[in-house]
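Subject: Structure handover

Hello,

Here is the structure for your files. My notes on it follow below.

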Number of protein chains: 2
Amino acid sequence: MNITEGPLEYLHAKIKPIGIFHTDAKKIPRHWTLSNVEGILTIEKEYALGLRDIKTSQRIIVIFLFHKSPGFTSEFLLQTPPHKKEGLGVFSICSPVRPNPIGMSVLEVLKIERRKIFVKGIDMLDGSPVLDIKPYVENKLNCPSCQE
Amino acid sequence: MNITEGPLEYLHAKIKPIGIFHTDAKKIPRHWTLSNVEGILTIEKEYALGLRDIKTSQRIIVIFLFHKSPGFTSEFLLQTPPHKKEGLGVFSICSPVRPNPIGMSVLEVLKIERRKIFVKGIDMLDGSPVLDIKPYVENKLNCPSCQE
(Lines give C-alpha, C1' and ligand atoms only; values in the text may rest on other atoms or scores of the structure.)
Protein backbone atom coordinates (compact mmCIF):
# COMPACT_ATOMS: atom_id res chain seq x y z
CA MET A 1 0.00 0.00 0.00
CA ASN A 2 1.40 3.35 -0.95
CA ILE A 3 -0.75 6.08 0.47
CA THR A 4 1.75 8.71 1.35
CA GLU A 5 2.51 10.38 -1.95
CA GLY A 6 -0.87 11.88 -2.73
CA PRO A 7 -1.97 12.84 0.76
CA LEU A 8 1.42 14.25 1.69
CA GLU A 9 1.36 16.55 -1.25
CA TYR A 10 -2.17 17.48 -0.35
CA LEU A 11 -1.12 18.33 3.19
CA HIS A 12 1.79 20.40 1.99
CA ALA A 13 -0.45 22.47 -0.19
CA LYS A 14 -3.41 22.96 2.07
CA ILE A 15 -2.77 22.92 5.82
CA LYS A 16 -1.80 25.97 7.81
CA PRO A 17 -2.58 27.17 11.31
CA ILE A 18 -5.71 29.31 11.69
CA GLY A 19 -4.45 30.89 14.89
CA ILE A 20 -2.36 30.52 17.97
CA PHE A 21 -2.96 29.62 21.61
CA HIS A 22 -1.69 31.66 24.52
CA THR A 23 -1.66 31.02 28.23
CA ASP A 24 0.17 32.62 31.15
CA ALA A 25 -0.11 29.43 33.19
CA LYS A 26 3.19 28.14 34.50
CA LYS A 27 1.92 24.59 34.99
CA ILE A 28 -0.07 22.95 32.22
CA PRO A 29 -2.32 20.02 33.21
CA ARG A 30 -1.65 16.76 31.46
CA HIS A 31 -5.15 16.51 30.01
CA TRP A 32 -8.16 18.75 29.54
CA THR A 33 -10.34 16.43 31.65
CA LEU A 34 -8.13 17.43 34.61
CA SER A 35 -7.85 21.13 33.85
CA ASN A 36 -9.38 24.40 35.05
CA VAL A 37 -6.58 26.44 33.54
CA GLU A 38 -7.45 29.33 31.24
CA GLY A 39 -6.02 30.61 27.99
CA ILE A 40 -6.82 32.50 24.79
CA LEU A 41 -7.16 31.34 21.21
CA THR A 42 -6.35 34.18 18.82
CA ILE A 43 -7.66 33.45 15.35
CA GLU A 44 -6.27 35.02 12.18
CA LYS A 45 -8.24 37.94 10.78
CA GLU A 46 -9.21 36.14 7.58
CA TYR A 47 -11.21 33.54 9.55
CA ALA A 48 -12.88 35.90 12.05
CA LEU A 49 -16.33 35.70 10.42
CA GLY A 50 -16.33 31.93 10.93
CA LEU A 51 -16.33 32.48 14.72
CA ARG A 52 -19.67 34.29 14.63
CA ASP A 53 -21.81 31.50 16.10
CA ILE A 54 -19.54 30.39 18.93
CA LYS A 55 -21.29 31.22 22.20
CA THR A 56 -20.20 31.87 25.76
CA SER A 57 -20.25 28.73 27.97
CA GLN A 58 -20.51 26.30 25.07
CA ARG A 59 -17.85 23.64 24.62
CA ILE A 60 -15.62 23.56 21.56
CA ILE A 61 -13.24 20.98 20.15
CA VAL A 62 -9.84 22.48 19.39
CA ILE A 63 -7.44 20.69 17.05
CA PHE A 64 -3.88 21.90 17.46
CA LEU A 65 -0.23 20.99 16.97
CA PHE A 66 2.04 19.61 19.68
CA HIS A 67 4.70 22.00 18.44
CA LYS A 68 7.25 21.16 21.14
CA SER A 69 7.13 17.37 20.73
CA PRO A 70 10.23 15.56 19.54
CA GLY A 71 10.11 13.75 16.22
CA PHE A 72 8.41 10.37 16.37
CA THR A 73 10.46 7.19 16.20
CA SER A 74 9.53 3.55 16.71
CA GLU A 75 10.68 3.68 20.35
CA PHE A 76 7.57 5.78 21.06
CA LEU A 77 5.12 3.15 19.75
CA LEU A 78 4.76 1.96 23.35
CA GLN A 79 4.95 4.55 26.12
CA THR A 80 4.55 4.25 29.88
CA PRO A 81 2.21 7.00 31.11
CA PRO A 82 2.72 8.59 34.53
CA HIS A 83 1.10 6.49 37.26
CA LYS A 84 1.26 3.37 35.11
CA LYS A 85 3.73 0.53 35.30
CA GLU A 86 3.50 -0.88 31.81
CA GLY A 87 3.82 0.57 28.35
CA LEU A 88 0.68 1.23 26.34
CA GLY A 89 0.31 1.56 22.58
CA VAL A 90 0.56 5.18 21.47
CA PHE A 91 -2.95 5.05 19.95
CA SER A 92 -4.41 4.19 23.36
CA ILE A 93 -2.93 7.13 25.23
CA CYS A 94 -3.00 10.92 25.03
CA SER A 95 0.76 11.46 24.88
CA PRO A 96 1.91 14.47 22.84
CA VAL A 97 4.58 12.26 21.24
CA ARG A 98 2.65 10.70 18.36
CA PRO A 99 3.26 9.76 14.71
CA ASN A 100 1.49 13.00 13.79
CA PRO A 101 1.80 15.63 16.53
CA ILE A 102 -1.88 16.58 16.45
CA GLY A 103 -3.72 17.31 19.68
CA MET A 104 -7.42 17.56 20.45
CA SER A 105 -8.98 19.18 23.50
CA VAL A 106 -12.53 19.96 24.54
CA LEU A 107 -12.61 23.45 26.04
CA GLU A 108 -15.23 25.68 27.64
CA VAL A 109 -15.74 29.10 26.10
CA LEU A 110 -15.61 31.85 28.76
CA LYS A 111 -16.07 34.80 26.43
CA ILE A 112 -15.31 36.01 22.93
CA GLU A 113 -13.83 39.37 22.00
CA ARG A 114 -13.56 39.72 18.24
CA ARG A 115 -10.86 37.23 17.22
CA LYS A 116 -9.99 36.17 20.77
CA ILE A 117 -11.71 33.19 22.35
CA PHE A 118 -11.13 32.99 26.10
CA VAL A 119 -11.22 29.33 27.09
CA LYS A 120 -11.02 27.18 30.22
CA GLY A 121 -9.83 23.63 30.69
CA ILE A 122 -6.69 23.85 28.59
CA ASP A 123 -3.88 21.31 28.35
CA MET A 124 -1.97 23.00 25.54
CA LEU A 125 1.37 24.73 25.76
CA ASP A 126 1.68 28.45 25.20
CA GLY A 127 2.27 29.08 21.49
CA SER A 128 0.49 25.98 20.20
CA PRO A 129 -0.62 26.47 16.57
CA VAL A 130 -4.39 26.01 16.21
CA LEU A 131 -5.59 24.02 13.18
CA ASP A 132 -9.36 23.85 13.64
CA ILE A 133 -12.29 24.57 15.94
CA LYS A 134 -15.38 22.33 15.84
CA PRO A 135 -18.58 22.28 17.87
CA TYR A 136 -18.53 19.70 20.67
CA VAL A 137 -21.18 17.16 19.77
CA GLU A 138 -22.15 14.31 22.07
CA ASN A 139 -25.07 13.17 19.96
CA LYS A 140 -27.32 14.39 17.20
CA LEU A 141 -29.53 16.27 19.65
CA ASN A 142 -26.93 18.92 20.27
CA CYS A 143 -25.30 19.21 16.87
CA PRO A 144 -26.21 22.52 15.23
CA SER A 145 -25.64 21.30 11.72
CA CYS A 146 -26.37 17.60 11.73
CA GLN A 147 -29.94 17.28 12.88
CA GLU A 148 -32.08 15.24 10.57
CA MET B 1 0.78 38.36 14.04
CA ASN B 2 2.79 36.14 11.78
CA ILE B 3 2.37 32.54 12.82
CA THR B 4 2.41 30.76 9.52
CA GLU B 5 6.06 30.53 8.65
CA GLY B 6 7.34 28.35 11.47
CA PRO B 7 4.35 26.03 11.89
CA LEU B 8 3.87 25.62 8.14
CA GLU B 9 7.41 24.46 7.77
CA TYR B 10 6.88 22.18 10.73
CA LEU B 11 3.81 20.68 9.11
CA HIS B 12 5.62 20.14 5.85
CA ALA B 13 8.34 18.23 7.58
CA LYS B 14 6.38 16.12 10.00
CA ILE B 15 2.83 15.20 9.04
CA LYS B 16 1.95 12.14 6.98
CA PRO B 17 -0.97 9.73 7.03
CA ILE B 18 -0.61 6.68 9.29
CA GLY B 19 -3.13 4.68 7.31
CA ILE B 20 -6.18 4.74 5.13
CA PHE B 21 -9.91 4.24 5.62
CA HIS B 22 -12.01 1.92 3.50
CA THR B 23 -15.75 1.36 3.30
CA ASP B 24 -18.00 -0.37 0.79
CA ALA B 25 -20.97 1.76 1.84
CA LYS B 26 -22.61 3.60 -1.01
CA LYS B 27 -24.23 6.21 1.22
CA ILE B 28 -22.12 7.88 3.89
CA PRO B 29 -23.98 9.47 6.83
CA ARG B 30 -23.36 13.14 7.37
CA HIS B 31 -22.07 12.68 10.90
CA TRP B 32 -20.87 9.86 13.10
CA THR B 33 -23.60 10.56 15.67
CA LEU B 34 -26.10 9.49 13.00
CA SER B 35 -24.22 6.48 11.65
CA ASN B 36 -24.27 2.71 11.98
CA VAL B 37 -22.21 2.24 8.84
CA GLU B 38 -19.09 0.07 9.01
CA GLY B 39 -15.62 0.38 7.58
CA ILE B 40 -11.98 -0.57 8.07
CA LEU B 41 -8.95 1.47 9.12
CA THR B 42 -5.78 -0.08 7.71
CA ILE B 43 -2.72 1.22 9.50
CA GLU B 44 0.77 1.23 8.01
CA LYS B 45 3.05 -1.59 9.13
CA GLU B 46 5.51 0.70 10.90
CA TYR B 47 2.81 1.78 13.40
CA ALA B 48 1.22 -1.65 14.02
CA LEU B 49 2.72 -2.09 17.50
CA GLY B 50 1.02 1.13 18.62
CA LEU B 51 -2.39 -0.52 18.06
CA ARG B 52 -1.69 -3.20 20.68
CA ASP B 53 -3.97 -1.87 23.43
CA ILE B 54 -7.02 -1.01 21.33
CA LYS B 55 -9.84 -3.30 22.43
CA THR B 56 -12.99 -4.62 20.84
CA SER B 57 -16.10 -2.53 21.64
CA GLN B 58 -14.15 0.46 22.91
CA ARG B 59 -14.59 3.83 21.26
CA ILE B 60 -11.75 5.58 19.48
CA ILE B 61 -11.25 9.09 18.15
CA VAL B 62 -10.08 9.07 14.55
CA ILE B 63 -8.47 12.18 13.06
CA PHE B 64 -8.48 12.13 9.27
CA LEU B 65 -8.35 14.27 6.15
CA PHE B 66 -11.36 15.39 4.16
CA HIS B 67 -9.44 14.50 1.03
CA LYS B 68 -12.29 15.27 -1.39
CA SER B 69 -13.12 18.72 -0.07
CA PRO B 70 -12.59 21.71 -2.33
CA GLY B 71 -10.04 24.32 -1.31
CA PHE B 72 -11.27 26.74 1.31
CA THR B 73 -12.16 30.31 0.37
CA SER B 74 -13.82 33.11 2.33
CA GLU B 75 -17.22 32.23 0.84
CA PHE B 76 -17.19 29.13 3.06
CA LEU B 77 -16.77 31.10 6.32
CA LEU B 78 -20.56 30.95 6.66
CA GLN B 79 -22.35 27.82 5.41
CA THR B 80 -25.99 26.81 5.50
CA PRO B 81 -26.25 23.20 6.74
CA PRO B 82 -28.98 20.89 5.41
CA HIS B 83 -32.23 21.38 7.35
CA LYS B 84 -31.20 24.90 8.36
CA LYS B 85 -32.32 28.18 6.88
CA GLU B 86 -29.49 30.44 7.89
CA GLY B 87 -25.75 30.33 7.48
CA LEU B 88 -23.61 29.34 10.46
CA GLY B 89 -19.95 30.09 11.08
CA VAL B 90 -17.71 27.28 9.84
CA PHE B 91 -16.29 26.75 13.35
CA SER B 92 -19.78 25.97 14.67
CA ILE B 93 -20.62 23.25 12.16
CA CYS B 94 -19.20 19.89 11.09
CA SER B 95 -18.90 20.67 7.38
CA PRO B 96 -16.02 18.98 5.55
CA VAL B 97 -15.24 22.31 3.87
CA ARG B 98 -13.01 23.98 6.47
CA PRO B 99 -9.85 26.14 6.54
CA ASN B 100 -7.92 22.95 7.31
CA PRO B 101 -9.67 19.85 5.91
CA ILE B 102 -9.27 17.84 9.12
CA GLY B 103 -12.08 15.59 10.31
CA MET B 104 -12.69 13.94 13.67
CA SER B 105 -15.04 11.04 14.34
CA VAL B 106 -15.76 8.88 17.37
CA LEU B 107 -16.04 5.27 16.21
CA GLU B 108 -16.82 1.94 17.85
CA VAL B 109 -14.25 -0.82 17.43
CA LEU B 110 -15.88 -4.05 16.19
CA LYS B 111 -12.72 -6.13 15.96
CA ILE B 112 -9.01 -5.89 15.21
CA GLU B 113 -7.08 -8.13 12.86
CA ARG B 114 -3.40 -7.20 12.89
CA ARG B 115 -3.25 -3.79 11.20
CA LYS B 116 -6.95 -3.63 10.33
CA ILE B 117 -9.40 -2.02 12.73
CA PHE B 118 -13.03 -2.79 11.88
CA VAL B 119 -15.16 0.14 12.98
CA LYS B 120 -18.79 1.16 13.14
CA GLY B 121 -20.38 4.59 13.07
CA ILE B 122 -18.35 6.05 10.25
CA ASP B 123 -18.98 9.30 8.38
CA MET B 124 -15.79 9.27 6.34
CA LEU B 125 -15.46 8.75 2.61
CA ASP B 126 -13.73 5.67 1.24
CA GLY B 127 -10.03 6.43 0.85
CA SER B 128 -9.79 9.03 3.61
CA PRO B 129 -6.18 9.36 4.87
CA VAL B 130 -5.97 8.66 8.62
CA LEU B 131 -3.75 10.99 10.66
CA ASP B 132 -4.20 9.78 14.23
CA ILE B 133 -6.12 7.49 16.57
CA LYS B 134 -6.73 8.50 20.19
CA PRO B 135 -8.65 6.89 23.03
CA TYR B 136 -12.12 8.35 23.50
CA VAL B 137 -12.07 10.05 26.88
CA GLU B 138 -15.13 11.59 28.46
CA ASN B 139 -13.50 12.30 31.79
CA LYS B 140 -10.50 11.31 33.83
CA LEU B 141 -12.22 8.19 35.10
CA ASN B 142 -11.96 6.46 31.75
CA CYS B 143 -8.65 7.76 30.46
CA PRO B 144 -6.01 5.01 30.47
CA SER B 145 -3.09 7.39 30.64
CA CYS B 146 -4.32 10.46 32.45
CA GLN B 147 -5.50 9.20 35.81
CA GLU B 148 -3.98 11.03 38.72
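The side chain of Thr23(A) reaches the backbone oxygen of Glu38(A) at 2.8 Å. A polar contact here is a pair of N or O atoms within 3.5 Å; within protein, one must be able to donate a hydrogen and the other to accept it, and residues adjacent in sequence count only if both atoms are side-chain atoms. The model is predicted: local features need pLDDT of at least 70, side-chain atom pairs count only at pLDDT 80 or more, and totals for chains, interfaces and linings use all residues. Residues are numbered from 1 along each chain as its sequence is written, chains are lettered from A and ligands numbered from 1 in the order in which they are written, and side-chain values use heavy atoms, with hydrogens and water left out.

Thr23(A) sits in the loop between strand 1 (19-22) and strand 2 (38-43) of chain A. Helices (H or I, at least four residues) and strands (E, at least two) are DSSP runs, numbered from the N terminus. With a relative accessible area of 5%, Thr23(A) is buried; buried means under 20% relative accessible area, exposed over 50%, and partly exposed in between (1.4 Å probe, protein chains only). Neighbours within four places in sequence aside, the contacts (heavy atoms within 4.5 Å) of Thr23(A) include Ile28(A), Val37(A), Ile122(A) and Asp126(A).

The fold of chain A

Chain A has one helix and eight strands, in the sequence pattern α-β-β-β-β-β-β-β-β. Six strands close into an antiparallel barrel in the order 1-2-7-6-3-8. Strand 3 (residues 59-65) and strand 8 (residues 129-135) of chain A pair in the antiparallel sense over five bridges, where pairing requires that DSSP finds at least two bridges between two strands. Opposite Ile61(A) stands Lys134(A), in strand 8 of chain A.

Of the 148 residues of chain A, 52% count as buried. Among contacts between residues at least 6 apart in sequence in chain A, 71% join residues at least 24 apart. One example of a spatial separation is Pro99(A) and Leu77(A): they are 22 residues apart along the chain, and their C-alpha atoms are separated by 8.5 Å. Pro99(A) is in the loop between strand 5 (88-89) and strand 6 (102-113) of chain A and is buried at 9% relative accessibility.

Backbone points in chain B

Most residues other than glycine have a negative phi. Ser57(B) has a positive phi, near 70 degrees; its place is the loop between strand 2 (38-43) and strand 3 (59-65) of chain B, and it is exposed at 53% relative accessibility. Arg114(B) also has a positive phi, of about 55 degrees. Arg114(B) lies in the loop between strand 6 (102-113) and strand 7 (116-120) of chain B and is exposed at 80%.

Aromatic pairs

There are six aromatic pairs over all chains. Rings of Phe, Tyr and Trp (its six-membered ring) pair if their centres lie within 6.5 Å; planes under 30 degrees apart count as stacked, over 60 as edge-to-face and the rest as tilted. Tyr47(A) and Phe72(B) form a tilted pair, 6.3 Å centre to centre with 55 degrees between the planes. Tyr47(A) is in the loop between strand 2 and strand 3 of chain A and Phe72(B) in the loop between strand 3 and strand 4 (78-79) of chain B, so the pair joins two chains. Tyr47(A) is buried, at 6% relative accessible area. Together with Phe76(B), Tyr47(A) and Phe72(B) form one aromatic cluster.

Regards
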